[in-house]
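My entries follow in the order in which I looked things up.

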Amino acid sequence: RKDKPRRAEALNNCDIAILCLPDDAAREAVAMVENSSVRVIDASSAHRIEPGWTYGFPEMSPEQTDEIRRASRITNPGCYPTGAIGLLRPLVEAGLLPPDYPLSIHAVSGYSGGGRAVVDLHEAAPGHAPAFQVYGLGLKHKHVPEIQRYAGLSAPPVFVPAYAAYRQGIVLSVPLQRRLLPPGADAPALHACLARRYARSKHVRVLPLVASSALERLDPQHLNATNDMELAVFSNPESGHVLLTAVFDNLGKGAAGAAVQNLDLMLGLGPGDAA
């Protein structure tokens, strides 16, 4: 790991390198790759908005799966952006959500999303870690430019992330005011747009409106140990409030699961959005 010549040799002799490194170390590793046949999946945030890198969210658009299959440089999406982009991009592209809408995104992740120090705090000293904590209060979270770019927004959203005292799983929510949306952009129209986009997706599904209307709470751990993501639309017609939500595993569809899905595509394994 600390022998640069041996690292460079390993990187240049492989077919596909998956980088599970901090940002600076990921940049250093990529710079070592001189063999043009080596393909890279970078799980860090170092290259998420860098030119020349393909964004590794197969369901992001109808063309994305084929782009990933052909790409030599894949940047794995962030966990929170996976949910936000999955909800917002189809609505922006359909004209149901203005690109300049004043968006606020709130997301709660299991503590594993905080990295080794946060995991150690919760697991090495149980009972001493906070049950819930909001962070990113400077409103400069590194995921914001990623969300803005790939969701098709003209302005950065307000993003409020939080960790809770469970290991993994995310609930992400985006509240909308019906009065600020275009004519016809009510909850059924928003839901229909999302349902059409993901109708043939293996890993992203949209909860039917009848099923979501019967829910009183969302379990962030509902899809743990899977590469799946569940989207839903909730509404109150009297107040004109709409809520978009995404539930998925921050270590699955939000991290390693997405990397393996991209690896499958790059190796030509599995149809559509991969296995």
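Entry 1: I looked up Glu28 and found a relative accessible area of 29%, so I recorded Glu28 as partly exposed (buried means under 20%, exposed over 50%, partly exposed in between, with a 1.4 Å probe and protein chains only). The model is a predicted one, in which local features need pLDDT of at least 70, side-chain atom pairs count only at pLDDT 80 or more, and totals for chains, interfaces and linings use all residues. Residues are numbered from 1 along each chain as its sequence is written, and side-chain values use heavy atoms, with hydrogens and water left out.

I then noted that Glu28 meets Arg7 in a salt bridge, at 3.3 Å from N to O; the term requires a side-chain nitrogen of Lys or Arg within 4 Å of a carboxyl oxygen of Asp or Glu. This pair links distant parts of the chain, 21 residues apart: Arg7 belongs to helix H1 (residues 4–13) and Glu28 to helix H2 (residues 23–32). I took helices (H or I, at least four residues) and strands (E, at least two) as DSSP runs, numbered from the N terminus. Arg7 has a relative accessibility of 18% and therefore counts as buried.

**Entry 2: a pair within H2.** I found a salt bridge between Asp24 and Arg27, with the closest N and O atoms 2.9 Å apart. Because Asp24 and Arg27 are 3 residues apart in helix H2, about one helical turn separates them. Asp24 is exposed at 61% relative accessible area, whereas Arg27 is partly exposed at 38%.

**Entry 3: Asp228 and Arg205.** I recorded a salt bridge between Asp228 and Arg205, the closest N and O atoms being 3.7 Å apart. Asp228 is in the loop between helix H8 (209–213) and strand S10 (229–236), and Arg205 is in strand S9 (residues 204–206); the pair links distant parts of the chain, 23 residues apart. Asp228 is buried at 17% relative accessible area, while Arg205 is partly exposed at 34%. My search of the whole structure gave 12 salt bridges.

**Entry 4: Leu223.** I located Leu223 in the loop between H8 and S10. Leu223 counts as buried, at 4% relative accessibility. The C-alpha atoms of Leu223 and Asn250 are 9.7 Å apart in space, and the two residues are 27 apart in sequence.

**Entry 5: the largest pocket.** How much space lies in the largest pocket? I noted about 960 Å³. Of the 32 residues that line the largest pocket, Ala43, Ser44, Gly113, Gly115 and Lys142 are the closest to its centre. Helix H4 (79–93) and helix H9 (252–266) are the elements that give two or more residues to the lining. H9 provides the largest share, 5 residues.

On a 1 Å grid over the protein atoms alone, a pocket is an open set of points where a 1.4 Å probe fits, with protein on both sides within 12 Å along at least five of seven lines; lining residues have an atom within 4 Å of a point.

**Entry 6: a surface patch.** I found that Phe132, Val134 and Leu137 form a nonpolar patch on the surface, with about 310 Å² of accessible area together. Such a patch joins nonpolar side chains (Val, Leu, Ile, Met, Phe, Trp, Tyr) within 5 Å, from residues with over 30% relative accessible area and no salt bridge; accessible areas come from the Shrake-Rupley method with a 1.4 Å probe. Phe132 lies in strand S6 (residues 132–134) and is partly exposed at 46% relative accessible area.

How values were computed:
Patch = residues over 30% accessible without salt bridge, like charges linked within 9 Å, V, L, I, M, F, W, Y side chains within 5 Å. Points joined across faces, edges and corners; volume = space filled by probe spheres on them.
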